[in-house]
Amino acid sequence: MEKVLIKQKKSFTYGFKRRLASSRFLIMMIIPAVIFYAVFNYIPMYGILIAFTEYSPTQGIIGSISNRWIGWENFDFIFKYPNFWPAFKNTIIIGSVKIVISFVSAVLVALLINELRMRFFKKFVQITVTFPHFLSWVVVASLFLMMFGQTSGISKLIEQATGQGLRFYGNGKWFLSLIFSADVWKEAGWSSIIYIATMAGISTDLYEAANIDGATRLQKIWHVTLPGIKATAVLLLIMSVGGVLSAGFEQIYNMTSRFNNFLVVDSVEIIDTLIYQGTLGQFDGLSKGESAAIGLFKSLIGFALVIVTDRIAKLCGERGII
Amino acid sequence: MAKIKLEKLPLARREKPGPSNRFGAFDVVIFIILLVFAFSIIFPFYYLFVVSVTPQEIYVNNPTLLWTPKVSFEAYETVFKEPQIWGGLKITLILLFGGTLYQMFFTVITGYALSRKNWVGKNFVMNMILVTMFFGGGLIPYYELIVALGMPDTIWVMIIPGAIDTFNMLLMRNYFASLPKELEESAKIDGANDIQIFVKIFLPLSLPMLATVGLFFAVGNWNSWYNGMLFNKSQNLKTLQQVLQDVVYTPNSSIPNPNARKITTESIKMAAIFFTIIPMMLFYPFLQRFFVKGIVVGAIKG
């Protein structure tokens, strides 16, 4: 008995060494990636602890964490900070409206393209609607400014027709609708691709069976196509819920002309712009420790949201991601 | 007899003819909705171009014009004369070629290593990468890290932190994993090591996916501005997108305008925007299938 055990142990280490030796080239190939993720992802993850310090740039991340620990003080400060809760509220509103709108528009565009029967036009539509995804927010924001700004484009057209200008960039509500339309304009076509691909994979037997039962096209969409993309849709929704607190810094930064549009910044101030503006931007008002505390708060909520949605999806009988 | 057969065959192959298979009102509605959507995407580019070539005397009287009777390319001449634009283009081209190659190298080797089975440490590395998809440190620690590394105000800040893109890396990994594993086994029997197998067998077989990933990186580099905005304050490191931002958002256009009487600021701004997107517009229709293939393969298996 003892002999057998010793033999097994020896053969295990021997096997491990052999596996290590045979893996050596693959390990060589993975080393850059390990260094990359350690430096650019894990050091900032550790660095988030500066949220509990009175951060000093001269001492750096490690020095501040070991010498200037102040516990929860930064959190006490940000929860009482007058700009924090409005920004939090805006983030939740903008983030969740965006998730719903982009989900609905993507599925809708996919359904329409899937039902379209003209092949040439189909190709043309697909190329056209996916194109804006590849433009930067700098370009898209410039385009929208040219179209809806006061000096040219559609707002000028409205002014000429009604005698009164509609100031899209001068009113929080109109500006928000502009933010949402820009998001749909840029991403709906591209996000629809994944649904179109899923629809192409639905078995034609199901459609034939529906034909025999005398289903109309709307009935086929409702009873065959939509259930066919349900799993994909749930997966993508879970993925997007984690980003609800990220509501789109690049878009808002650019569409508010780098925050220089004071008429609307209050209604689109989100957590990310608050962090950027308060610490690195023009309106210095937060210390690095306080900004990091806001960042940590945001990361934790995002992470919790992913886990909760994943659990809910699993309870509803869908395949989750974790 | 033969005649009857010929008539019957096409019918039998077709779906059962019914009201739902005729081209009807439903199709017309779909066509119109999609036409409106496609129009809303094309129209801004068209309007942009028209305004960019309209001389001032026509534009001031009619700023919502859809057609100009007189064409003037002075706005483009003004843009081309501006050293800022060429400086931005130079930086962007460096990112486009240098940055893309650098990102491809690290992303592809990582994807390959993670596509192979049963090597020591694979699960550890995979989990290490997956965690970063759901949790991150946020802006401030990242900013402090980049400062500590001494990267601000260098071109490296726009290249080095982008070495591996997790989405593109998983795309490559899924593609390598889908190739038959006999390729690797037979090469191993012939005495090839993993690096030789990767370079001589798997890379040549992966050209379509390499093109896809390369194009994603190239577009990202062409559009690069975020890291530049955060870290680079000096004028001569601005990317084309940053220069465009300056041109569009500065109230009276930062581009000095020697022909102030002949063209408007709007024309110059629109010419600058058009200059930035024209390469994409020219290439995109031909490259669209690569992008689409990438996201479809990546999403279905990932």
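This is a predicted model: local features need pLDDT of at least 70, side-chain atom pairs count only at pLDDT 80 or more; totals for chains, interfaces and linings use all residues.
Which domains does the domain assignment of chain B give?

**View 1. Domain assignment of chain B.** Two entries are given for chain B: domain 1, covering 26–72, and domain 2, covering 76–301. The C-alpha centres of domain 1 of chain B and domain 2 of chain B are separated by 32 Å.

**View 2. Contact between domain 1 and domain 2 of chain B.** Domain 1 of chain B contributes nine residues to the contact, and domain 2 of chain B contributes 10 residues. On the side of domain 1 of chain B that touches domain 2 of chain B, at least two residues come from each of α2 (25–52) and α3 (56–59) of chain B. The most is given by α2(B), with four residues. Classified by type, this side of domain 1 of chain B comprises five nonpolar and four polar residues, with no charged residues.

**View 3. Helices and overall dimensions of chain A.** Chain A contains 16 helices and zero strands. Its radius of gyration is 26 Å, whereas the globule rule gives 20 Å for 322 residues; chain A is therefore more spread out than a compact globule. The C-alpha trace of chain A extends over about 90 × 65 × 35 Å along its principal axes.

**View 4. Burial and contacts in chain A.** Buried residues account for 38% of the 322 residues of chain A. When contacts in chain A between residues at least 6 apart in sequence are considered, 64% join residues at least 24 apart.

Definitions and conventions:
Residues are numbered from 1 along each chain as its sequence is written. Chains are lettered from A and ligands numbered from 1 in the order in which they are written. The radius of gyration is taken over C-alpha atoms; the globule rule is 2.2 Å times the number of residues to the power 0.38. A residue is buried if 20 or more other C-beta atoms lie within 10 Å of its own, exposed if 12 or fewer, and partly exposed in between; C-beta atoms are placed from the backbone. Two residues are in contact if their C-beta atoms, placed from the backbone, lie within 7 Å. Domain bounds come from an automatic or database domain assignment. Ala, Val, Leu, Ile, Met, Phe, Trp, Tyr, Cys and Pro count as nonpolar, Asp, Glu, Lys and Arg as charged, and the others, Gly among them, as polar.
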